[in-house]
Amino acid sequence: MPSEPAAIARPPLARWFPLVWPPIVTFVVIVGLWQGAVSFFEIPVYVLPSPVRVWQAFWAAPTTLLGHAGITLFEAMSGFVLGSALGALLGTAFAYSPVLARGFMPYVIAANTIPVVAIAPIIIIWFGHGLASKIAVTTFLSFFPLALNMMKGLQSYDRVVMDVFHVAAATPAQRFFKMRLPSALPYVFVGLKINVTFSVIGAIVAEFVQADRGLGFVIMTTYRMLAMPRLWAAMIVSALIGILFFALIALIERLAIPWHASMREPQ
Amino acid sequence: MAEPRPAPASPADAPVVDVRDVSLVYAGDRGSAGLRALDHVRLSVAKGSFVSLIGPSGCGKSTLLRIVADLLAPTAGTVTVGGVAPKAARLARQIGFVFQDPALPEWRRILDNVVLPLELRGVDRAAREARGRELMRLVGLEGFERAWPRQLSGGMRQRAAIARALSTEPRVLLMDEPFGALDQITRDRLNMELAAIHEETGVTVLFVTHSIREAVLLSDKVVVMTPRPGRITRVIDVALARPRKLATRDDDAFQDLVREGNRELERGYADAL
């Protein structure tokens with residue numbers, strides 16, 4: 001044989017180390033500079049609390065803050081799932097019906113440009129003060145990225161592969177499930193990763209507008225009281241749930257499309 | 001492997017592919033004449049034979065192959081494959097097609113790619129994988145069952161595409177410049193392996209190429225075509241002994257045939273200009 005294929009086994013921990021140490025070093029340096037600057041320049045706590053003060057504010061009531069984070073994450077994930085599913089269905093319809101796509105696409109794109117802060121109050125009027133309105137806002141935001149990426153993905157199949165399926169007498173269902181859908185998956189994951197960020201932002205903005213729970217609510221109330229270390233703690237927790245959510249989707253992607261070029265081991 | 005087929009009422013020596021007076025005109029814009037890609041083409045391919053179509057770009061050789069595979073419909077004339085229309089032959093999985101691009105879906109491992117047509121036909125996993133392994137041995141890909149397409153070289157990918165096209169034991173193997181994108185050494189090697197596969201399976205092959213040397217080396221008949229309109233100008237019988245080797249290309253008889261083919265191609269050019 002001309003050549004052995006490159007192994008695509010998962011690297012052991014030793015091979016992960018070179019990938020992991022640079023961000024850890026960056027983290028330590030930034031936190032160190034932050035703490036040093038606050039001490040050295042005697043920056044007032046309402047302008048910039050030191051990492052130690054933020055840490056203390058978090059530990060003053062960790063379960064409360066994590067409880068609020070749980071609410072926000074629940075809203076984000078629910079809207080993410082609902083919006084992505086609805087978007088995928090509409091994107092599929094668009095991919096199969098050019099008339100439908102031409103008829104609706106301009107309005108889908110227009111709706112996509114509405115700022116979330118403008119639409120959130122309206123949705124809260126419609127869906128009430130509970131969790132439903134927050135989930136509706138995140139659903140709205142998650143809808144468009146999947147609709148667009150699903151449509152694009154389903155249209156981006158290889159024409160020669162389509163000929164192969166044609167010569168092999170594939171049924172329309174086989175063409176969809178064994179060819180167009182797998183071809184679309186890399187695009188679907190692009191949409192899902194956009195939605196991770198959008199859905200966390202959407203949930204927090206909706207809580208900003210009106211809520212009695214969630215990280216958006218914590219940020220709003222601590223801002224009014226100028227309890228800045230706690231506000232910083234809430235902000236960092238909101239970033240962390242976004243990262244965790246993103247890591248989950250990235251893991252699913254790795255399992256779902258191990259064959260894709262984007263899944264190559266880093267050089 | 002013999003299997004019962006809805007045998008058309010045709011004797012054993014009937015051609016596997018029969019092209020009768022086929023023309024194909026691509027419609028022009030608003031009343032302009034349109035492009036005559038094929039003009040009254042007649043061709044029959046005997047069972048078990050290896051026939052090459054050769055000619056410059058635009059002579060309609062790929063178009064003809066696509067019509068035989070039911071990827072295109074002719075404007076006039078009829079085509080039969082194993083005695084039935086191309087569509088019926090395609091639906092009965094009687095046609096294998098190898099494109100210039102291996103077109104292996106990147107999300108399927110090599111074995112899963114090779115058995116794709118069997119999977120689409122509904123053959124159960126154990127049976128199709130047994131057949132797939134047998135085919136991978138035939139094309140020299142043993143040991144690469146679990147590899148992803150992107151891990152293989154161009155030549156190896158094309159071997160997998162050939163194995164896939166043979167998986168349903170088609171009556172005819174259609175090949176559209178299958179080695180056109182490969183380097184000369186890989187190409188020579190795959191030529192010899194294709195000759196061996198043809199010998200071993202007895203499959204009928206209709207092969208499109210730009211290379212007169214490749215055509216003469218592999219074929220029983222070389223069909224020379226000219227463009228504008230796409231026409232068959234000459235069918236050259238290649239009576240060289242089999243099995244052929246790369247060294248066959250050094251024989252005088254081989255070189256005479258190549259010269260004859262080149263003369264015919266040049267004449268076609270002169271007429272077309």
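Trainee: Which helix of chain B is the place of Arg128(B)?

Mentor: Happy to start there, with a predicted model in which local features need pLDDT of at least 70, side-chain atom pairs count only at pLDDT 80 or more, and totals for chains, interfaces and linings use all residues. Residues are numbered from 1 along each chain as its sequence is written, chains are lettered from A and ligands numbered from 1 in the order written, and side-chain values use heavy atoms, leaving out hydrogens and water. Helices (DSSP runs of H or I, at least four residues) and strands (E, at least two) are numbered from the N terminus. Arg128(B) lies within residues 125-138 of chain B, which form helix H5.

Trainee: Is Arg128(B) buried or exposed?

Mentor: Buried means under 20% relative accessible area, exposed over 50%, and partly exposed in between, with a 1.4 Å probe and protein chains only. Because the relative accessibility of Arg128(B) is 11%, Arg128(B) counts as buried.

Trainee: Which residues does Arg128(B) touch, not counting those up to four places away in sequence?

Mentor: Contact here means heavy atoms within 4.5 Å. With residues up to four places away left out, Arg128(B) touches Val115(B), Leu118(B), Glu119(B) and Val123(B).

Trainee: How far apart in space are Val84(B) and Gly48(B)?

Mentor: In sequence, Val84(B) and Gly48(B) are 36 residues apart. From C-alpha to C-alpha, the distance between Val84(B) and Gly48(B) is 18 Å.

Trainee: Now for cavities: what volume does the largest cavity have?

Mentor: A cavity is a set of points on a 1 Å grid over the protein atoms alone where a 1.4 Å probe fits but cannot get out, and lining residues have an atom within 4 Å of a point. Volume is the space filled by probe spheres set on the points, which are joined across faces, edges and corners. The whole structure has three cavities of 30 Å³ or more, and the largest has a volume of about 120 Å³.

Trainee: Which element gives the largest share of the lining of that largest cavity?

Mentor: The lining includes Val164(A), Ile95(B) and Phe97(B). Helix H7 (159-167) of chain A, together with strand S5 (95-98) and helix H6 (154-166) of chain B, are the elements giving two or more residues. The largest share, three residues, comes from S5(B).

Trainee: How many charged residues line the second largest cavity?

Mentor: This cavity of about 50 Å³ has Glu75(A), Lys134(A) and Asp212(A) among its lining residues. Asp, Glu, Lys and Arg count as charged, Ala, Val, Leu, Ile, Met, Phe, Trp, Tyr, Cys and Pro as nonpolar, and the others, Gly among them, as polar. The lining divides into three nonpolar, two polar and, as charged residues, four.

Technical notes
On a 1 Å grid over the protein atoms alone, a cavity is a set of points where a 1.4 Å probe fits but cannot get out, and a pocket is an open set with protein on both sides within 12 Å along at least five of seven lines; lining residues have an atom within 4 Å of a point.
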